[in-house]
Amino acid sequence: MAVNIGTDAAKAVLKDETRERDRIEDELDDDDVPTHIREARLAQLKKEMEQLRLAKEHGNGQLTEIENEKALFDITTTQPRVVCHFFHPDFRRCAIMNSHLQDIARRHFTTKFVTLNAEKAPFLVQKFQVQELPTLVVFIDAKVKDRIVGFEDVGLSDNFPTHVLEKRIAVSKVISTKGSSFSSKQTNGTSTLLGIRQARRASSDSDDSDSD
């Protein structure tokens, strides 16, 4: 499951990991959370931090152009979630796609977004049946899970908003647009770190409003 967190927020969490962990433990204690729930939340926190560290090591948070087919193989076998844009440098719609993907990459730090010039990847173009550009190929755990061909799924217009493409990419679950444990409480009671703190702040703000 992708952790839905933006680049700046991810870097802030990683920079202050110890303080954030101490804070979440204090908040869980204050809420008198049962031991098994507390342990589940801390275990999820640990898993999410590992995802963030891996993403940081691989330079996530931006759209990266790779040079050859081997580079894509290396990325898809070392990162669990990858979106690759097969493009042509002279195609206007490929440039439009890149603009949107750059923005989406900043919002989804634990998913790797790359571009690959189709002319430099004849084997993969044939293997993945890339017959129209732009084409996005979505990988989860090194397996192709989805393809987005041209602008067909985003309204066939060059002026589609970024969130439309973001939602289409999310269909494969390579990213999530429903919020994450870093930004909101989950229905299964496994929210962590930022989620709990923000939820508590929201509750406090509500209390303040009621007292006015």
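These legends describe close-up views of the cores, aromatic pairs and salt bridges in a predicted model. Local features need pLDDT of at least 70 and side-chain atom pairs count only at pLDDT 80 or more, while totals for chains, interfaces and linings use all residues. Residues are numbered from 1 along each chain as its sequence is written, and side-chain values use heavy atoms, with hydrogens and water left out.

**View A. The largest nonpolar core has 20 residues.** A nonpolar core is a set of buried Ala, Val, Leu, Ile, Met, Phe, Trp, Tyr and Cys residues joined through side-chain atoms within 4.5 Å. Buried means under 20% relative accessible area, exposed over 50%, and partly exposed in between (1.4 Å probe, protein chains only). Leu101, Phe113, Leu136, Leu165 and Ile169 have the most contacts inside this core. At least two core residues come from each of α5 (92–107), β4 (135–140) and α7 (162–170). Helices (H or I, at least four residues) and strands (E, at least two) are DSSP runs, numbered from the N terminus. Helix α5 gives the largest share, 5 residues. Another core, of 17 residues, lies apart from this one; Ala71, Leu72, Ile75 and Phe86 are among its members.

**View B. Leu101 and its contacts.** Leu101 touches Leu63, His85, Phe113, Leu136, Leu165 and Ile169. Residues up to four places away in sequence are not counted. Contact means heavy atoms within 4.5 Å.

**View C. Phe86, Phe128 and Phe139 form one aromatic cluster.** The structure holds 3 aromatic pairs. Rings of Phe, Tyr and Trp (its six-membered ring) pair if their centres lie within 6.5 Å; planes under 30 degrees apart count as stacked, over 60 as edge-to-face and the rest as tilted. Phe86 and Phe128 have ring centres 6.2 Å apart and planes at 65 degrees, so they pair edge-to-face. This pair links distant parts of the chain, 42 residues apart: Phe86 is in strand β2 (residues 81–87), and Phe128 is in the loop between α6 (122–127) and β4. Both residues, Phe86 and Phe128, are buried. The ring centres of Phe128 and Phe139 are 5.5 Å apart, with planes at 70 degrees, so this pair is also edge-to-face. Phe139 sits in strand β4 and Phe128 in the loop between α6 and β4, so the pair ties together parts 11 residues apart in sequence. Phe139 is buried, as is Phe128.

**View D. Lys120 forms a salt bridge with Glu67.** A salt bridge is a side-chain nitrogen of Lys or Arg within 4 Å of a carboxyl oxygen of Asp or Glu. The whole structure has 9 of them. Here the closest N and O atoms are 3.1 Å apart. The pair links distant parts of the chain, 53 residues apart: Lys120 is in the loop between β3 (112–117) and α6, and Glu67 is in the loop between β1 (63–66) and α4 (69–78). Lys120 is partly exposed, at 39% relative accessible area. Glu67 is partly exposed, at 47%.

**View E. Asp103, Arg106, Arg107 and Glu166 are linked in a network of salt bridges.** Between Arg107 and Asp103, the closest N and O atoms are 2.8 Å apart. These two residues are 4 apart in helix α5, so about one helical turn separates them. Arg107 is partly exposed, with a relative accessible area of 31%.

**View F. Arg168 forms a salt bridge with Asp146.** The closest N and O atoms are 2.7 Å apart. Arg168 in helix α7 and Asp146 in strand β5 (residues 143–149) are 22 residues apart, and the pair links distant parts of the chain. Both Arg168 and Asp146 are buried.
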